[in-house]
Amino acid sequence: MSSTPITTVTVAGGTGGLGFHIVDALLSDGSFKVKVLRRLPKTANEKAELLASKGAEIIYADYNQHDDLVKALSGTDALISAASPAVAKHESDFDALQMPLLNAAKAAGVRRFIPSEWGVETKPGDHPLTDTKAAFREKVEQSGLEYTRIACGLFAEYLGWCGFDVKNKTAKFYVDPDTTVAVTCMSDIGKYAAESLKLEACRNASIKVAGSRYSLKEILKLFEEATGSKWKFTVDEGVRHRYANQIDPIPSPIEVFIATLSASASFENIDNDKFSFSPRPLVDDIAVLVQQASV
Ligand SMILES: NC(=O)c1ccc[n+]([C@@H]2O[C@H](COP(=O)([O-])OP(=O)(O)OC[C@H]3O[C@@H](n4cnc5c(N)ncnc54)[C@H](OP(=O)(O)O)[C@@H]3O)[C@@H](O)[C@H]2O)c1
């Protein structure tokens, strides 16, 4: 059954690392009226100003005030969430964070909800943070709203955070270095999100996209080629076990989170062929990371 086009799209967290690129892609597409939902109190924000200058409407609401949120979302066809708490990300509760959005979206007559997933494929119990994303995903799927879940693997821009240290030419892996991971840059994730709103195959669907799929060792080789030097690397495959059983040396929660992401991003089957564009090659993102590290 085909449905009427989605025209008005609101992005919660549109000022964020990823949210900015989603809003930018929606604006570049040219077929959407785009709103960026920000939290009250109003604060100055360069990204919001830039997006407003490109045509986005910046709207504000208190997430704790249901009526306020419903009013802000009225007239929205699709709500894309790229919201994320700014601190302690590895401990974030994405269920609690997004429930006010889901409740208000239903009350406001929003048709489609894209939750703040943008990650990997975990199993229940893999990590508290991904468990909260899964709990929320279930609520979205049961809400009666149309939904799309978009998994995109690791963000290319965050490879440094995932263990590739360009400045010191070292890498740290928390899984077997032969593990394959999907990696996608944020501007392409934005394009996938925007185009998903037009594709029947993305209605009530879980979509997996990947800018590229390489083993960690292959990514290391790309970094070595880009820097023109051999890197040292270490492997610590025991972090999740040691953390779960509180065995010394007890890893940090961030290390456990990186281990979880690295182990859950292999994406055997991807949905790239449903989309009209080819993603940017990883070498281009690596070149940018290397360039950034040199300044
Ligand atoms: N796969 C990966 O490698 C990877 C990497 C990073 C992130 N992610 C995922 O991508 C999504 C977005 O992450 P991000 O790093 O782009 O987010 P971010 O930049 O940390 O934050 C996004 C926006 O969320 C809003 N926000 C902050 N605290 C909030 C709160 N307590 N309640 C509601 N909104 C709040 C802020 O917007 P306003 O101040 O304008 O309201 C902020 O600009 C998350 O699901 C995250 O887990 C995935």
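What volume does the largest cavity have? In this predicted model, the largest cavity has a volume of about 40 Å³. One cavity of 30 Å³ or more is found when the whole structure is searched.

**The largest cavity**
- The lining of the largest cavity consists of Leu154, Cys162, Phe164, Lys172, Phe173, Tyr174, Val175, Leu216, Ile258 and Ser262.
- By class, this lining comprises eight nonpolar residues, one polar residue and one charged residue.
- Strand β9 (170-173) and helix α9 each contribute at least two residues to the lining of the largest cavity.

**The second largest pocket**
- The second largest pocket holds about 190 Å³ of space.
- Its lining is formed by 14 residues, and those nearest the centre of the pocket are Thr4, Pro5, Ile6, Leu197 and Lys198.
- Five nonpolar, five polar and four charged residues make up the lining of the second largest pocket.

- Ile254 belongs to helix α9, which covers residues 253-263.
- Ile254 is classed as partly exposed because its relative accessible area is 33%, a value between the limits of 20% and 50%.

**A buried loop residue**
- Thr76 is located in the loop that lies between α3 (66-73) and β4 (78-81).
- The relative accessibility of Thr76 is 2%, so Thr76 counts as buried, the cut-off being under 20%.
- Thr76 and Gly109 are 33 residues apart along the chain, with 7.8 Å between their C-alpha atoms.

Methods. Residues are numbered from 1 along each chain as its sequence is written. This is a predicted model: local features need pLDDT of at least 70, side-chain atom pairs count only at pLDDT 80 or more; totals for chains, interfaces and linings use all residues. Side-chain values use heavy atoms; hydrogens and water are left out. Helices (H or I, at least four residues) and strands (E, at least two) are DSSP runs, numbered from the N terminus. Buried means under 20% relative accessible area, exposed over 50%, partly exposed in between (1.4 Å probe, protein chains only). On a 1 Å grid over the protein atoms alone, a cavity is a set of points where a 1.4 Å probe fits but cannot get out, and a pocket is an open set with protein on both sides within 12 Å along at least five of seven lines; lining residues have an atom within 4 Å of a point. Grid points are joined across faces, edges and corners, and a volume is the space filled by probe spheres set on the points. Ala, Val, Leu, Ile, Met, Phe, Trp, Tyr, Cys and Pro count as nonpolar, Asp, Glu, Lys and Arg as charged, and the others, Gly among them, as polar.
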